[in-house]
Amino acid sequence: MVNKEIGALGEKIIDYGKKLIAQGLVSGSGGNISHRLPEGKKMLITPSGMAYDKLQLEDLVIMDIETGDVVEGHRKPSIEKGLHRAILQARPDVQAIVHCHSKHASAVAATRNDIPPVLDNMVAYFGGGVITAPHAPIGSLSLADNVVKALGERPVALMANHGAVAVGKDLSQAFLMAELLEECAQIYLLSFLAGGPVALTEKEVEEEIKWLQGKYGQA
């Protein structure tokens with residue numbers, strides 16, 4: 001990984017892998033991270049089954065997004081490489097992907113139910129509720145297809161009986177979306193202790209999206 005730009009990107013991936021562990025979004029070597037390379041046709045992805053706090057730059061793998069061929073690296077890429085490729089192919093706006101097994105998001109995913117839009121923050125950050133992709137074997141093309149459909153144009157989705165995926169324009173945004181999804185899932189589950197959540201209606205979601213346009217965040 002001689003290229004300085006790619007090397008810097010690799011360092012960020014390793015750093016965010018450690019943050020996944022620190023924030024409790026994964027355990028051990030669970031989950032995976034990828035980033036589209038600047039030229040757009042390749043991705044840098046974490047290796048299969050290696051702990052994030054032990055990763056070195058040379059452990060990361062460069063893959064061709066279209067063909068799935070390993071372009072550079074001596075490690076086996078993540079078993080979910082097909083998932084990352086499928087998302088990057090379907091979403092030109094996405095540069096970074098974080099797949100995690102955070103506890104509360106995974107708990108909801110285990111029910112195979114969606115998270116309805118129960119919080120204003122879900123509208124602000126996700127555009128509404130969160131869809132759970134149908135179950136399929138780990139690392140399968142079916143799982144990749146299911147997740148792409150569940151994501152649609154949104155930044156997050158759940159994976160039935162598995163975990164969650166978050167995407168963004170960079171690693172910072174993808175990681176933030178993963179954190180927010182875990183927080184929303186936790187609040188959703190806790191709300192059942194207080195009598196059960198009341199979801200925003202479709203009309204309320206649409207009106208809030210319109211209201212927030214141009215008002216929230218920086219230009």
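## Basis of the description

Helices (H or I, at least four residues) and strands (E, at least two) are DSSP runs, numbered from the N terminus. The model is predicted, so that local features need pLDDT of at least 70 and side-chain atom pairs count only at pLDDT 80 or more, while totals for chains, interfaces and linings use all residues. Residues are numbered from 1 along each chain as its sequence is written, and side-chain values use heavy atoms, with hydrogens and water left out.

## Overall fold

The protein chain contains 7 helices and 8 strands. Its radius of gyration (taken over C-alpha atoms) is 17 Å, close to the 17 Å from the globule rule (2.2 Å times the number of residues to the power 0.38) for 219 residues, so the chain is as compact as a globular protein of that length. The C-alpha trace spans about 55 × 35 × 30 Å along its principal axes.

Of the 219 residues, 46% are buried, meaning under 20% relative accessible area with a 1.4 Å probe, protein chains only. Among contacts (heavy atoms within 4.5 Å) with a separation of 6 or more, 62% join residues 24 or more positions apart.

## Annotated domain

The UniProt record, an unreviewed entry, places the feature "domain: Class II aldolase/adducin N-terminal" at residues 11-189, although such annotations may be inferred rather than shown by experiment. This span is 38% helix and 18% strand, and its end C-alpha atoms lie 35 Å apart.

## Surroundings of H84

H84 belongs to helix α2, residues 81-90, and counts as buried because its relative accessibility is 0%. Leaving aside residues up to four places away in sequence, H84 touches N32, I33, S34, M43, I45 and I97.

Technical notes:
Buried means under 20% relative accessible area, exposed over 50%, partly exposed in between (1.4 Å probe, protein chains only).
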